[in-house]
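Welcome! Take a moment to look at the sequence and the model side by side, and then read on for a guided tour.

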Amino acid sequence: MTDIIIYHNPSCSKSRTTLALLEEQSDKIEVIKYLETPPTVEQLQSIITLLGFDSARQLMRCNEAVYKALKLKDQNNEQLLLQAMVENPKLIERPIVLANGKAVIGRPPESVLTIL
């Protein structure tokens, strides 16, 4: 099996459950604590493509206070949305798992099994 990457938030129960599920499947897991090490704009663009999303907004947590504070609801500039996620990684939906040239958001956690 190829390596697995998880963009992980240890304080999120869904993220912890997803990581535990992955650990049952493989010992080749790269854990990226994205709040400490946010992905770059380029990495986010790649993830969005792998997820099959049309917009960066689909990867955003729109209920976060920072989303409202930055007034991102009416923002349609993709570069600005991506940069907002890099600067405020709390905006990024979690957990994101990459494996076998595919990506999935671990909500529900069992959805990650579809790409392993």
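This report goes from the sheet to the helices and then to some single residues.

This is a predicted model, in which local features need pLDDT of at least 70 and side-chain atom pairs count only at pLDDT 80 or more, while totals for chains, interfaces and linings use all residues. Residues are numbered from 1 along each chain as its sequence is written, and side-chain values use heavy atoms, with hydrogens and water left out.

## The sheet

Let us begin with the strands. Here strands (E, at least two residues) and helices (H or I, at least four) are DSSP runs, numbered from the N terminus. Two strands are said to pair if DSSP finds at least two bridges between them. As a reminder, strands of a sheet pair through backbone hydrogen bonds, either parallel or antiparallel.

In this model, four strands form an open sheet in the order S2-S1-S3-S4, and the pairing is mixed. Strand S2 (29-33) and S4 are the edge strands, each of which pairs on one side only. On average, neighbouring strands of this sheet are turned by 15° against each other, with direction ignored; the axes behind such angles are lines fitted to C-alpha atoms, for helices over the stretch in contact, and angles otherwise run from 0 to 180 degrees between N-to-C directions.

Two of the pairings can be followed residue by residue. Strand S1 (residues 4-8) and S3 run antiparallel and are joined by four bridges. Within this pair, isoleucine 4 stands opposite alanine 99 in S3. Strand S3 (residues 96-99) also pairs with strand S4 (residues 102-105), in the antiparallel sense and over four bridges. There, alanine 99 stands opposite lysine 102 in S4.

## Helices on the sheet and against each other

Which strands does helix H1 lie across? Helix H1 (residues 13-25) lies across S1, S2 and S3, and runs at about 165° to S1. H2, for its part, lies across S1, S3 and S4, running at about 85° to S4.

H2 also meets another helix. The axes of helix H2 (residues 41-51) and helix H4 (residues 78-87) cross at roughly 110° and come within 9 Å. The two helices are therefore roughly perpendicular to each other (angles of 65 to 115 degrees count as roughly perpendicular, under 35 as roughly parallel, over 145 as roughly antiparallel and the rest as oblique). H2 passes H4 in a right-handed crossing, a term used if the near helix is turned clockwise from the far one by less than a right angle, with anticlockwise giving left-handed.

Which residues make this contact? On the H2 side they are Val41, Leu44, Gln45 and Ile48, and on the H4 side Gln79, Leu82, Gln83, Met85 and Val86. Contact means heavy atoms within 4.5 Å. These residues divide into six nonpolar, three polar and no charged (Ala, Val, Leu, Ile, Met, Phe, Trp, Tyr, Cys and Pro count as nonpolar, Asp, Glu, Lys and Arg as charged, and the others, Gly among them, as polar).

Not counting residues up to four places away in sequence, valine 86 touches Pro38, Pro39, Thr40, Val41 and Leu44. The C-alpha atoms of valine 86 and valine 41 are separated by 6.6 Å, although the two are 45 residues apart along the chain.

## Residues in the loops

Is serine 55 buried or exposed? Serine 55 sits in the loop between H2 and helix H3 (65-69), and counts as buried because its relative accessibility is 18%. Serine 55 touches Ile48 and Glu78, leaving aside residues up to four places away in sequence.

The table compares accessibility; buried means under 20% relative accessible area, exposed over 50%, and partly exposed in between (1.4 Å probe, protein chains only).

| Residue | Relative accessible area | Class |
|---|---|---|
| Lysine 71 | 68% | exposed |
| Asparagine 100 | 36% | partly exposed |
| Valine 86 | 21% | partly exposed |

Most residues other than glycine have a negative phi, and most peptide bonds are trans. Lysine 71, in the loop between H3 and H4, has a positive phi near 55°. Asparagine 100 likewise has a positive phi near 55°, in a hairpin of S3 and S4 with two residues between the strands.

Two peptide bonds are cis. One runs from arginine 94 to proline 95, with omega near -20°, and proline 95 lies in the loop between H4 and S3. Another joins arginine 107 and proline 108, with omega about 0°; proline 108 is in the segment after S4.
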